[in-house]
Amino acid sequence: MTKHVVATAYGGAEVLSLVDEQIAEPGVGEVLLDVRAAGVNPADVKRYSGAWGTDKGKLPMRLGFEVAGVVSAVGPEAVSPTGPVLVGDEVIAFRVSGGYAEQLVVAAADLVPRPTEASWEQAAGLMLAGATAMHAVTATAVRTGDTVLVHGAAGGVGLMAVQIAKSRGAHVIGTAGAGRHEFLRDWGVQPVEYGPGLADRVRELAADGVDAAIDTVGTDEAIDVSLELVADRQRIATIAAFARAKQDGFKALGGSGPGADPGTELRNAARLELVSLVEEGQIEVLIDEVFPLAEVAAAHRKILRGHTHGKIVLVP
Ligand SMILES: NC(=O)c1ccc[n+]([C@@H]2O[C@H](COP(=O)([O-])OP(=O)(O)OC[C@H]3O[C@@H](n4cnc5c(N)ncnc54)[C@H](OP(=O)(O)O)[C@@H]3O)[C@@H](O)[C@H]2O)c1
């Protein structure tokens, strides 16, 4: 028997429970993973909170889009993007369904090697935020010499966007609460406090103007300031303010938003690129906190408070 997390109803974190199941043998093109760590994302919470609907047919709902682990059994024709998969391979699986688990059957096509530089927790938190950030930096055409404004720079996606933009030669100004400014400076970001007067504060920091803006927060303030400071709306992207993007004619990114560009191909291709960037030391996954799988409700309550810095991770 193996344990996994399910949401048994729509609601708050109290609907989460850990249940036992008999794990299936991997089928054609599949492998069995012993999960070492599972990344937690705000989307996991939105799925059972009711934010994305309350279809009872989807219950009980398994959670978790990304894991890192060791291959413990291999089905026929199990080939990953980097070649045949073997028992003992240390891998990241993304995008999966039901990653909050001790063991998981996944498609070999969803596996990439675990970067040797990353811990299990870091590997588990790399892909969803990393691929989203890669999409945002690419969609806003960030290049050498640009000044880029990242809203929510210390969050899971924000910190990835910061590092990828810097790896492409950009200067980054990032919004965060005052308590995180020293931390952002350590990551090479010019910090600025969000709240009233944000546009003026950014202007003071960006003598030559702001070339592009990436919003990971979704507030009207983040959007209004981006529209005020960036001349070209094709160089503004949000991953959270989908209605504003439609209304104001800038880019919305991600499959879950109505009218948004899902970026499926780009995000799939980003997986191996992210592994390389970690191995080259150009990006790093910052871990905010690690929770045991059984404490998933506490992990979700923390991410719901909205002030995560880096990634929250579960370990079975
Ligand atoms: N469309 C997509 O494909 C996609 C993919 C991934 C995530 N998302 C969405 O994007 C959002 C961010 O995800 P995440 O994983 O980065 O979340 P996260 O790790 O929880 O980060 C949230 C960050 O937001 C900052 N923040 C909170 N209130 C703020 C405000 N009023 N102004 C500016 N910053 C503020 C916090 O920084 P402080 O502590 O400094 O306040 C925190 O670091 C979520 O809504 C998520 O669902 C969308």
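The model is predicted, so local features need pLDDT of at least 70 and side-chain atom pairs count only at pLDDT 80 or more, while totals for chains, interfaces and linings use all residues. Residues are numbered from 1 along each chain as its sequence is written, and side-chain values use heavy atoms, with hydrogens and water left out.

Let us begin with the overall layout. The domain assignment gives domain 1 (2–126 + 285–315) and domain 2 (129–264); such bounds come from an automatic or database assignment. The C-alpha centres of domain 1 and domain 2 lie 27 Å apart.

Now look at where the domains meet. Eleven residues of domain 1 are in contact with 13 residues of domain 2, contact being heavy atoms within 4.5 Å. Together the two domains bury about 830 Å², 65% of it on carbon and sulfur atoms. Buried area here is the accessible area (1.4 Å probe) that two parts lose on being put together, summed over both. Leu 126, Leu 286 and His 309 supply 49% of the area that domain 1 buries against domain 2, more than any other three residues.

Next, visit helix α10, residues 296–304. Helices (H or I, at least four residues) and strands (E, at least two) are DSSP runs, numbered from the N terminus. The buried residues of α10 are Val 296, Ala 297, Ala 299, His 300, Lys 302 and Ile 303. Buried means under 20% relative accessible area, exposed over 50%, and partly exposed in between (1.4 Å probe, protein chains only). Among the elements that cover these buried residues are β1 (2–7), α1 (42–49) and β18 (311–315). After α10 comes Gly 306, whose phi is positive, near 85°.

In strand β12 (residues 171–176) you will find Thr 175. Thr 175 is buried, with a relative accessible area of 3%. Leaving aside residues up to four places away in sequence, Thr 175 touches residues including Leu 149, Val 192 and Tyr 194. A polar atom of the Thr 175 side chain lies 2.9 Å from the backbone nitrogen of Gly 152.

Our last stop is Ser 49, found in helix α1. Ser 49 counts as partly exposed, at 36% relative accessibility. A polar atom of the Ser 49 side chain lies 3.2 Å from the backbone oxygen of Lys 46, and the side chain of Ser 49 also reaches the backbone nitrogen of Ala 51 at 3.1 Å.

Methods
A polar contact is a pair of N or O atoms within 3.5 Å; within protein, one must be able to donate a hydrogen and the other to accept it, and residues adjacent in sequence count only if both atoms are side-chain atoms.
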